[in-house]
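Have the viewer open as you read.

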Amino acid sequence: MQSQAPTPFSKGSRKKILIANDDGIFSPGIKALALALAEVGEVIVVAPDVEQSAVGHGITIRRPLRFRHTASAGFGEIAAYRVDGTPADCVVLGVHLLGTPDVVVSGINIGPNMGHDLTHSGTVAAAIEGLALGVPSLAFSQVSSEGGEYGFGPGAAYAARLVQHVLDTGLPPRTLLNVNFPAGELLGARATRLSDHRYEDSLLRRQDPEGKDYYWVAGTIRAEDVGDDTDNGAVLAGYASVTPVRLELTASDLLKSLAVGLPNTVELGTVAG
């Protein structure tokens with residue numbers, strides 16, 4: 001039986017919002033975010049069919065991808081599609097199949113994405129992919145309580161206000177907003193810089209029932225930089241951290257000094273001979 005073609009964004013005047021995540025389409029975080037943003041504009045959800053945490057900015061190129069409408073994820077009237085791929089895949093398919101949105105929003109992630117976490121975060125990768133496609137993008141993440149519970153309501157409500165602000169004022173080129181919410185009461189928001197929040201990896205060796213070794217990568221959170229102007233410091237104080245992240249990887253300040261010491265082609269040829 002032939003599958004139904006995706007229904008693109010409407011031609012209406014409402015702002016168009018594409019929502020993705022890395023926790024999967026059935027995550028309560030993305031549901032809370034989608035329902036809150038439905039008050040801001042026309043929302044379509046495109047999310048992985050299973051959890052894709054910590055996959056980074058991977059793109060699937062060695063196999064086909066499936067793009068299926070999902071009515072069972074609890075989004076009500078909001079159109080929702082699941083993809084058997086990465087968060088970045090979801091944004092690529094969403095933009096090409098549904099039309100270019102006015103903003104790409106990722107989250108709300110189960111767990112924080114601060115500091116060095118951004119290098120492997122699938123949540124942030126979805127926003128990066130939106131940015132690469134020329135769309136203003138934001139990523140949202142939520143810290144749990146000490147008991148491991150997540151309350152997405154306050155963060156989702158603030159996300160709606162911030163997304164509206166971005167739709168009204170825009171973002172600088174090659175810049176996304178990475179937002180983290182504290183556990184419990186949300187006291188306000190701070191503009192922050194990235195901290196040194198990171199996971200220090202450890203490798204556990206175990207054996208399967210046949211006596212063969214396998215390995216499990218574990219990690220312990222390390223975060224010494226908790227200044228008031230950092231993402232980690234703001235969240236610990238009960239504030240949402242709003243961090244502008246610019247995708248400019250070139251170390252421009254080193255170009256001149258690097259050029260002075262580079263071997264030229266003649267020297268390379270001499271060495272090769």
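What follows goes from the whole chain down to single residues.

This is a predicted model, so local features need pLDDT of at least 70 and side-chain atom pairs count only at pLDDT 80 or more, while totals for chains, interfaces and linings use all residues. Residues are numbered from 1 along each chain as its sequence is written, and side-chain values use heavy atoms, with hydrogens and water left out.

**Whole chain**

The protein chain has 7 helices and 11 strands; these are DSSP runs numbered from the N terminus, with helices being H or I of at least four residues and strands being E of at least two. The C-alpha trace spans about 70 × 60 × 45 Å along its principal axes. Of the 273 residues, 43% are buried. Here, buried means under 20% relative accessible area, exposed means over 50%, and partly exposed is in between, using a 1.4 Å probe and protein chains only.

Take contact as heavy atoms within 4.5 Å. Among contacts between residues at least 6 apart in sequence, 75% join residues at least 24 apart. The accessible surface (Shrake-Rupley, 1.4 Å probe) comes to about 14,700 Å², and 54% of that belongs to carbon and sulfur atoms. As for charge, the chain carries 21 positive and 30 negative charges, whose mean positions are 6 Å apart. That count takes Lys and Arg as positive and Asp and Glu as negative, leaving out His and the chain ends, and places each charge at NZ of Lys, CZ of Arg, CG of Asp or CD of Glu.

How many of the residues in helix 3 are buried? The count is 10 of 11, over residues 122–132. Among them are G122, V124, I128 and even the acidic E129. The buried residues of this helix pack against strand 1 (16–20), helix 2 (87–98), strand 5 (103–110), strand 6 (137–142) and strand 7 (175–181).

On the helix 2 side sits V92. V92 touches I59, E129 and L133, not counting residues up to four places away in sequence. V92 and A126 are 34 residues apart in sequence, with their C-alpha atoms 9.0 Å apart in space.

**Two loop residues**

R174 is in the loop between helix 4 (153–169) and strand 7. Phi of R174 is near 60 degrees, a positive value in a residue other than glycine. Q52 is found in the loop between strand 2 (42–48) and strand 3 (67–69). Leaving aside neighbours within four places in sequence, Q52 is in contact with D22, G85, T86 and P87.

Here is how three of these residues score on accessibility.

| Residue | Relative accessible area | Class |
|---|---|---|
| R174 | 48% | partly exposed |
| V92 | 23% | partly exposed |
| Q52 | 17% | buried |

**Cavity**

How many cavities of 30 Å³ or more turn up in the whole structure? The search finds 1. A cavity is a set of points on a 1 Å grid over the protein atoms alone where a 1.4 Å probe fits but cannot get out, and lining residues have an atom within 4 Å of a point. Points are joined across faces, edges and corners, and the volume is the space filled by probe spheres set on them. The largest cavity holds about 40 Å³ of space, and its lining includes Q142, P154, F181 and L186.

Methods. 1 Å grid on protein atoms, 1.4 Å probe; cavity = no way out; pocket = protein on both sides within 12 Å on 5 of 7 lines; lining within 4 Å.
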